[in-house]
Amino acid sequence: MHRWTPETDRIASVLLGYVRERLRMDPVPLDRPLTPHALEELAGETITAEGLGAEGAFEVFRTVLAPAIVSVDHPRYLSFIPGAPTELSTLFDLVVSASSIYGGSWLEASGAVYAENQALRWIADLAGFPPGAGGCFVPGGTYGNLSALTAARETMRAGRGRPPGRWRVAVSAEAHSSIDTAVRVLDADAVRVEVDTRFRMTGETLRAALARDGTEGLFAVAATAGTTNLGVVDDLEGVAEVCAELGLWFHVDGAYGGAALAAPSARERFRGVERADSLVVDPHKWLFAPFDCCALLYREPELARRAHTQEAGYLDVIAARDEWNPSDYAIHLSRRARGLPFWFSLAAHGTAAYAEAIESVLAVARATVAEIDGRDYLERVHDPMLSVVAFRRIGWQPADYETWSHKLLDEGYAFVMPTRHRGETITRLAIVNPRTTIDDVRGILDTMG
């Protein structure tokens, strides 16, 4: 298994050829999910004592498994939050895997950590963070939010000790589910903050929630820069003011929307993010990196290092060195150098190309608004702030949305799932792929007429 043989050489050519063809497809096939029974019938038992052989295993993947995976990078994949990795980032992901990099410490991966830190610095500069800011790349926003809130709690514990009651975090009613997950994992409670008429947590709604529930045990406020359901950016400046007054950790979940910091036309919507104590942005969403890659940044990384550094005899040689170890800044020890594909694409294409790509997505989102407003059978439910456009088909019930969505997917045309907003079933288009055109959007909207 651990030798390069003629068979290995042959399968390498097959696999690299598949990668080359997949990247050249325009568009890629959308594909669709299959039932467990269908996959059992088609693939059968793939794990055997004798093995299928490399070519046999790949044939199962190519003909059965791959067509049962919805392509997140298809231009009409507009559900959840899509992805659109650049060709260069995907190719470099192969290099990272082939290089067998342990990315947890400077001692073992100084070159990788140096490059990752430069990519992190670009995001930190976009956010207006100070020169000393830093962090690491983690798998996704859930890891990032949990790690940031852990650092917040440990910082508060060091300064004030354990509260007489429960630890608590102030959370917007529109926050991502991963924030609630992080609060639950920390065995803390959520103080639910209502939103204003634009679906934002604001300084005023935060003050109202704290006046109602008090501040005992409160150690952080989690705001959002681009909610998943509606793409809303909270009133970051107002929330920052409250946090500064009360001495609370200010965390911003920008997993989806934070990428728009690179777009000059959108930067003003994030006013106040520069005051955050921690920030997450997912390059695998709107910064065109492959899965999985989340940038986690701290205003004062030393606070996070105190919270996360693991201690063990075999780690003493690393801890004793005054170097930047990514394992010190999140809930992980072993880690892939998952920021390198993003770094390679960013270094190769330049930051101006990223700004242009994000601006192009925002332009399609604006054109989508005009398309919806021009159709008497559709009605928007909000004024989009970024690139998520949510709307209703007038007269439809939940079952109508389900039937429509499944038909689009079964036909291989588009992936657009319904969602719920304030108890009502609606749908939404999450546009982050620069390959998505307004003609793609028009085609989808036409099917609702």
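**Figure 1. Salt bridge between arginine 200 and aspartate 196 in the predicted model.** The two side chains meet with an N to O distance of 2.9 Å. Arginine 200 and aspartate 196 are both buried. This pair is one of 35 salt bridges found in a search of the whole structure.

**Figure 2. Salt bridge between glutamate 411 and lysine 407.** The closest N and O atoms of glutamate 411 and lysine 407 lie 2.6 Å apart.

**Figure 3. Arginine 442 and aspartate 439 in helix 16.** A salt bridge joins these side chains, with 2.7 Å between the closest N and O atoms. The two residues are separated by about one helical turn because they stand three residues apart in helix 16 (residues 438-446). Arginine 442 has 31% relative accessibility and so counts as partly exposed, whereas aspartate 439, at 53%, counts as exposed. Through salt bridges that share partners, Arg442 and Asp439 belong to one network with Glu371, Arg375 and Asp446.

**Figure 4. Nonpolar surface patch made by Leu16, Leu91 and Leu94.** The patch covers about 240 Å². Leucine 94 lies in helix 4, which spans residues 87-98. Its relative accessibility is 36%, so leucine 94 counts as partly exposed.

**Figure 5. The protein chain as the setting for the close-ups.** The chain contains 16 helices and 11 strands, and 52% of its 449 residues count as buried.

Methods:
Residues are numbered from 1 along each chain as its sequence is written. This is a predicted model: local features need pLDDT of at least 70, side-chain atom pairs count only at pLDDT 80 or more; totals for chains, interfaces and linings use all residues. Side-chain values use heavy atoms; hydrogens and water are left out. Patches are made of residues with over 30% relative accessible area and no salt bridge: like charges are joined within 9 Å, nonpolar side chains (Val, Leu, Ile, Met, Phe, Trp, Tyr) within 5 Å. Accessible areas come from the Shrake-Rupley method with a 1.4 Å probe; for residues, only the protein chains shown count as cover. A salt bridge is a side-chain nitrogen of Lys or Arg within 4 Å of a carboxyl oxygen of Asp or Glu. Helices (H or I, at least four residues) and strands (E, at least two) are DSSP runs, numbered from the N terminus. Buried means under 20% relative accessible area, exposed over 50%, partly exposed in between (1.4 Å probe, protein chains only).
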